[in-house]
Amino acid sequence: MKLIEVVFLFFSIQLLSSALVILFTRNVVYAAIALMSTLLGVAALFVLAGSDLLAVVQLVVYVGGVLILLLFGVLYTYRDPESYFEKKHVLLSIVTVVVIAAGLLFLLSDLSFNYPTLSKVPSDKAGITRAAGQYWITSKILIFEVVAVFLLVVLVGAGWIASKVLDKSKTEA
Amino acid sequence: MIPVDYYIIVSILLFSIGSAIVFTRRNILYVLMGIELIFNAANINLVAFGQLDPDLNGQLFSMLIITVAAAESVVALAIVIVLFKKLNTIDLNEITHLKEK
Amino acid sequence: MSGLIPHIEVPLIPADSISMLALTIFFMPIITFILLFFTGKHILASIRSWLATGVMGVMFVLSVYLHISIKGEHLSRWIWFEIGTIKFTTSMLLNNYSTTMMVIATFVSFMVHLYSVQYMKERRNHSKYFPYLALFVSSMLGIILSDNLLITFIFWELVGLASFLLIGFWYEKDTSAAAAKKAFLYNKFADLAFVIAIMILYAMYGTTEISILKELVNLSVTYQAVLAVPIFAGLAIWFATVGKSAQFPLYVWLPDAMAGPTPVSALLHAATMVAAGVFLLLKTSFLLIDWVPNLITIFGCVTALLAALQAIRTFDSKKVLAFSTVSQLGYMMMAVGVGADDAAFFHLATHAFFKACLFLSVGAVIHAMHHMQSHQFDHGQYKELDALDMRLMGGFRKKMPITFAAYSVSYAALIGLPFFSGFLSKDAILGALYDRAVVSGSWSWLIVAVAFTTVGLTAFYMTRQMILIFFGEFRLLKTDASYKKYFDHIVESEWLINIPLILLGAMSFWFFFSLNPLHAQTGWWMKDAFVSGTHHEFHIFIPIVASLFTLGAIAIAVQKYKTIDAFVDTRLTLTRVFANNYFIEKGITFLFVQPVFMISNMCMATDDFINRAIHAKAYFFIVVAQLADVFDRWVIDGLVHFVAGFIRYIGSFFRSYLKGNIQGYFYFTLIAFALMLLWLGWYL
């Protein structure tokens, strides 16, 4: 086994176990922390796949953005975790995981991907950042613009929903 | 280089765990986390296959997915807040308004 | 065939100043009517009455002026309306007939108006009374002036309407309403004949202008002989006058019409309504040819006799006068029938004055009786009192001398005593009848005999009425002594009532009509130039015989009623016959009403049968429909409901697994997805 495969195995186990923590923990803060660990593991896998740019974006957007948002949500809606009805949770979770994983593996084991060998890796030693940046900003600029507008709409919409409801609750109180 | 099959296996397992979270956890925040895990599983696939593509379309697509996921979580959290304000709970067992009265 | 009728161009003649004056007189009461009818109660009652009366006075004066200044005939004709190429003309004819009639009508109306000012004072519905009178008078003037049958018909109907309104003036009394309805229906029945006459004449001659028709009828003598059309037209016109001028068998409406106010009765009997019929007949006398005049004479004779007989047994003071009017109209019709148009018109004129006077004086007595009743009412002991019943009257001679005097004079005129107008006119009619009998012989002598008998009967019933009302004791006291103090209060009527009585009574003297008190032939009225060129033989024995009849009847009546102080009806059967108007109404019911009812009953039975058939059919379809409904409900609907219910059951079975939990839906989605994958794998 090569070193890189060891590293891959390590990060895989790290992110999957963190995901299982999310699945089984009762404390939502633990779950958030485990989520951060999982996302970091995924970022490591991105690096291993030669996509260092995405790994950075993963860190910035997920760990720096979404996770913080989730933590705020946790703060805002916190209740006693014991109050949630979680009967047969563990068994059901395991069964679900096994069934879905088995099904998909079974399905994929039947498929044969006709992909080229990995010797044709496009990235140079400096990573793909420069090439991707030039390529996306020139040929695929439309996608970026659409995404920009989409984000703007989401921001305004989310703010509007929350503020509207807050106002209403105020008047109700 | 790590074979793509490994990535696919990891991604399947991550997807299964994410799905299980979405299916079984009662707290909406867990469900959101599960959805993020599913997104990440998809991303892993895209990146794993995308490293074979000289045009970097896989990376581009996972970039889009990250963006959409961020937007999704923003909106979802706004909705969670609305729900909590209206119903004073985020327990999915208590949010059964879809049921026919 | 139409070539037999010569075509006469209908010339348009502009109205000269005399005609304009006549038109002015004609429009005055119309304006009064419109003014008073629409202002109604907004102006004072006294202003209202005096306005109407003043207008009538002015009309009278203008009529007199018109009558004096007229020379010969004044015909004016103008276009009424045009339909396509048909120019419908209307015309107005002024001659001695019409102007004299206008003078009579306006004079009597003026007197009646004067009388009404007092008589109708403080009566209910006063605001409608004078407009109706004005309408009545204007319609009568329309009939007098019009030279067009269609226009005449319009005013003819308006007279009917006005009489309906006035007879039913106190319509809250059942008798009044019934009498008005009766008068209206009898008149309408007769008026149908008028319509038929107009249709016949228009179809044959293409015009309704009377003067043109006259020329045409005279020109196309051969044509008449072939088709007898003008005969039927004349018959129809006569039948129209049977209704309006109250001839047998349609005269029964006239006695009932006494339910109206007394001045209205006077107007109705003297100058307007009943005179309209005779006047129309005189106007269209050129149509009365062949056997129609004989028919008119016979019916007039029957009318005169029957009405006089009935007057003998009537106790209602106004009805006696009403029957008397019918009887006198019979005389006029007889005169028309024998071709003595001038005599008929003469009698119409004299009769108008003395009959109006009689009505008004009896009205004054009734007024007094009413006052007595209302006095008693004021003292809180109201009793039902028939103020018209002559059996309860008596002794009014001393209480109301002026009324008595006026009554006596017109009484003398009516029964035909010498020196009074009735003597002259009745003499003229009897003379004409005699002349006719001499010519045609046979049954005509019977007519003469009946006419003379009726003269005696007239004297008898009028003497009876006079004695009952004005002589003897006041008989009401015999039945109820409580009236004593009120009877003592009775005095002569107010001067507003007396003046018309005096003026009308004065018109009953001979010198207004002829300087010779015993014969009218030399008087201005019967001068040859007046109405017709026929020469009248004077028979000295006729007035003598008539006077003998009269005097004898007076003697019998005085003998019979002199000492009488209370009435017990001894001949009930006879009274019942009279009270039933010789069963004329029953006869009409039997002849006309009952057949109509019978036919309608038969129609109803047929209708009923058809109805039943339709119902049976409907029931059949209802039963079928019910069966179809059951089938529909249980079989077709049942199937649909079964299918729907089955599917609903399945749906609710599956729905019971959806508890609203989102994650439950996720599971189902997952299962569905897995099944899809399996299905996909099946093919792979």
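Within what distance do the axes of α2(B) and α3(B) come, and at what angle do they cross? The axes come within 8 Å and cross at roughly 175°, where axes are lines fitted to C-alpha atoms, for helices over the stretch in contact, and angles run from 0 to 180 degrees between N-to-C directions. Because angles over 145 degrees count as roughly antiparallel, α2(B) is roughly antiparallel to α3(B).

This is a predicted model, in which local features need pLDDT of at least 70 and side-chain atom pairs count only at pLDDT 80 or more, while totals for chains, interfaces and linings use all residues. Residues are numbered from 1 along each chain as its sequence is written, and chains are lettered from A and ligands numbered from 1 in the order in which they are written.

The helix pair belongs to chain B, which has three helices and zero strands, in the order α-α-α from the N terminus on. Helices (H or I, at least four residues) and strands (E, at least two) are DSSP runs, numbered from the N terminus. Of the 101 residues in chain B, 60% are buried, that is, 20 or more other C-beta atoms, placed from the backbone, lie within 10 Å of the residue's own.

Two residues are in contact if their C-beta atoms, placed from the backbone, lie within 7 Å. Among contacts in chain B between residues at least 6 apart in sequence, 43% join residues at least 24 apart.

Chain B also meets its neighbours. Its contact with chain A joins 60 residues of chain B to 73 residues of chain A. On the chain B side, α1 (4-24), α2 (28-50) and α3 (57-87) each give two or more residues, and α3(B) supplies the largest share, 21 residues. That side divides into 42 nonpolar, 14 polar and four charged residues; Ala, Val, Leu, Ile, Met, Phe, Trp, Tyr, Cys and Pro count as nonpolar, Asp, Glu, Lys and Arg as charged, and the others, Gly among them, as polar.

The contact between chains C and B takes nine residues from each chain. Helix α26 (residues 662-683) of chain C gives the most to the chain C side, with four residues.

Elsewhere in chain C, helix α6 (residues 174-205) has 32 residues, which should span 46 Å at 1.5 Å a residue, and its end C-alpha atoms are 46 Å apart, in agreement. The expected span is 1.5 Å times one less than the number of residues. α6(C) bends by about 25° at Phe189(C), the bend being the angle between axes fitted to the seven residues ending there and the seven starting there. Gly206(C), with a positive phi near 75°, follows α6(C).

Terms used:
A residue is buried if 20 or more other C-beta atoms lie within 10 Å of its own, exposed if 12 or fewer, and partly exposed in between; C-beta atoms are placed from the backbone. Angles under 35 degrees count as roughly parallel, over 145 as roughly antiparallel, 65 to 115 as roughly perpendicular and the rest as oblique.
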